[in-house]
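Here is a short briefing for a first look at this model. Keep the sequence and the 3D view open while reading.

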Amino acid sequence: MAVVDEAGTAHIGTRRLRKEDPELLTGEARYTDDLVMPGAAVLAAVRSPHARARIGSIDASAAASMPGVVGVYTGADLDDLWAGPMPCAWPVTEDMKNPHHRPVATGQASYVGDIVAVVLADDKYAAADAADAVIVDYDPLPAVTDLAAAAADEVVVHEDLGTNTSYVWELTPDPDAVSAAFDAATHTVSEQYIQQRLIAAAMEPRSVAAVPSPHGGEMVLYSATQIPHILKVMVALTLGVPEHKMRVVAPSVGGGFGSKLDVYAEELLCVALAIKLGRPVRWTESRSEAAVSTVQGRGQIQNMELAADENGKITAVRADIVADMGAYLQLITPGVPLLGGFLYHGVYDIPNYSFKCTGVFTDAVPTDAYRGAGRPEATYAIERAINSLGRQMGLDPAEIRRRNFIPTDAFPYESGAGLIFDSGDYEPGLQMALDMVGYDDIRAEQARRREAGDVKQLGVGMATYVEMCGLAPSRTLAALNYGAGGWESATVRVLPTCKVQVVTGATPHGQGHETSWSMIVADKLGIDPDDVEVLHSDTAISPTGLDTYGSRSLAVGGVAINNAVDKVLNKARLIAAHQLEASEDDLEYVGGQFQVKGTPSSAVPLAAIAFSAFTAHDLPDGMEPNLEALAVYDPENFVFPFGSHVCVVEIDTETGDVHLLDYAAVDDCGNQINPLIVEGQLHGGILQGIAQALWEEAVYDDDGQPRSTTLMDYLVPSPAEAIQFKLDHTITPSPVNPLGVKGVGEAGSIGSAPTVMNAVVDALEPYGITDLTMPATPNKVWAAIRQSNDPATGGPA
């Protein structure tokens, strides 16, 4: 929906090509590894080949003597460089156990990929060769990567902690009411779901370059990061570097999906060694190295229970999950499962709520945020469980959902978990998605194939999700013991020639901020979006900000920009009133100019006001020159986008192959700034969720060895696996912010995995199969059919 404001323009709501794209598509964008740095030393990491081992002697003599090698450093060599441990910013409970964690391990390596030494050399080839020549005396120890075994302390990862349990976090507002609801229930569901580990596999691997000034002053850190502002603070704290001497720059960043929302050992090492040597130090991850050096996502055992009355109305939900922390706690590792901890009731009016999360250490790569961060896991559990309830009662999946939706007139709605949902209208989107796939016709064809014993069986799945995003307000985050706030900063500067600069604390890595922010500013000022420049991702240019993650950019950063423009216009109005000798209340802003209401002949264009503000020849008494304003926005609540997805699959029962036939998604992110960007975000998110359902899994063997370290072993989907998605939307503006916007960057990944898995299970229902773990690979589907209730396995039972 196009929004026409006081300026008389309508850029918001229109499909506008991204202004970032020409540079990105023609290879002109500069990523961290593209930066030319004469004299830079290249870092290579010596990583443990064992999932758990004591580190004995380290013989670096051969490596140190190789041509081009600058130095070899063990954890002991570097110990005096650290002012503190690797940062974890979210101690979720007071008694949370957090193991000793330095950028380079000493004493024990705790996962395959744990850094035990680093090499610096004049080029990457010499560094890699020297890293291979470092001889480490390992004493391998029993390891545990199976989450259930780790939770039972069959092997304790960090012996000094005495247990693998990092924390237990509970949210049960009324335990007695939950118990009573289950005691009184006519129907109950009790199921276990598995969230497999995932590898983010961003298009650009991580890359770091630390450049000290020649005389020991400023340190510039270039990093492929989502969080330059947070990284700057954390580097200062961890290394004891004066923060005002640190500058962090995120050049073009080729995707992140949460995996670049972290503070990594390689970033700290590059800075520390650049300071030590007085020369630039850089590192770029290889694709296979990424599988053991970059945080992974998901990793949960979900025990899910529902209680319902005789009509299928759900009266209580009880979720008890075990979450895989990996070997160490990274920046927000312990808090990621809790981001979904308030949403295991989904879009349903469930009065009684109980959630418990046990964080557990394993001998595997640490986990942390991955697209959706806790919300996809919660949605998966409730959407699989409500399907099971419908199956138990003989109800259509759509009908059981309709009986439980939060009523539209209940908003703002206080959930059983204690959140206040801002706005919602769930039924129309579900019906639209069903109509888009021809639901009734598909069900008829499904029945025909089942009756005929067709080799290729159809399945229909659906999911309706809600997401809390716009990670804020700061006081709520404080109550959750999160180590940062939820505000965002923006500066809008109208230059003397009426061109506009926007400085934002939100840091894009594919979201289209430059285009969207330009459209917001252009709409309000009545100018062309091409006359707006957006500056970002450099703490010297944008000194304050909290960066990009959690679908917060528009709902927090975009609103900050909107508010800064309002401040600019308020100042411009005062100048115009002064020049027109009129009351500011008598002025209106139309088509980029101020005029006395109903008197166009009195108009003063914004360009004239901007130049007047610059010259300062005729400003109101006491007014400062120039037309510029800073706004910092801290929302009063989260925002809650939602949507309904429906998928049709065809399963070849002879091979187990799952083929996507149709996929419809109807999403509601409030008012849309640029529908083209919204669709792009949904395309990527949906495919990532489908990939979790069907293809992707980070596999570890019994010895803790990763078996998915290359793209031959880890199937990242390509256009060959994708289909054309059918997209539509509803618009339910958020009352929380003046733009009425919600987030959309993670929405597709939240709704799609349960949609596809519900479709797969629906196709297999004639075989008595009511559950299958992700990913639903052909072998897994084929094996399930062969082991099903149909002894002949030649057709549906």
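This is a predicted model. Ser516 touches Ile673 and Ile677, leaving aside residues up to four places away in sequence.

**Ser516**
- Ser516 sits in helix 16, which covers residues 513-525.
- Ser516 has a relative accessible area of 8%. Buried means under 20%, so Ser516 is buried.

**Helix 16 against helix 17**
- The axes of helix 16 and helix 17 (residues 553-580) come within 10 Å. They cross at roughly 30°.
- The crossing of helix 16 with helix 17 is right-handed.
- From helix 16, the contact uses His513, Trp517, Ile520, Val521, Lys524 and Leu525.
- From helix 17, the contributors include Ser553, Leu554, Gly557, Gly558 and Ile561. Asn562, Val565, Asp566 and Leu569 of helix 17 also take part.
- By type, the residues of this contact are 8 nonpolar, 5 polar and 2 charged.

**Helix 7**
- Helix 7 runs over residues 228-239. At 1.5 Å a residue, its 12 residues should span 16 Å. Its end C-alpha atoms are 16 Å apart, so the two values agree.
- Among the buried residues of helix 7 are Pro228, His229, Lys232, Met234 and Leu239.
- The cover over the buried residues of helix 7 includes strand 10 (219-223), strand 11 (246-249) and helix 8 (265-277).
- Gly240 follows helix 7. The phi of Gly240 is positive, near 70°.

Terms used: Residues are numbered from 1 along each chain as its sequence is written. This is a predicted model: local features need pLDDT of at least 70, side-chain atom pairs count only at pLDDT 80 or more; totals for chains, interfaces and linings use all residues. Side-chain values use heavy atoms; hydrogens and water are left out. Helices (H or I, at least four residues) and strands (E, at least two) are DSSP runs, numbered from the N terminus. Buried means under 20% relative accessible area, exposed over 50%, partly exposed in between (1.4 Å probe, protein chains only). Contact means heavy atoms within 4.5 Å. The expected span of a helix is 1.5 Å times one less than its number of residues. Axes are lines fitted to C-alpha atoms, for helices over the stretch in contact, and angles run from 0 to 180 degrees between N-to-C directions. A crossing is left-handed if the near helix is turned anticlockwise from the far one by less than a right angle, and right-handed if clockwise. Ala, Val, Leu, Ile, Met, Phe, Trp, Tyr, Cys and Pro count as nonpolar, Asp, Glu, Lys and Arg as charged, and the others, Gly among them, as polar.
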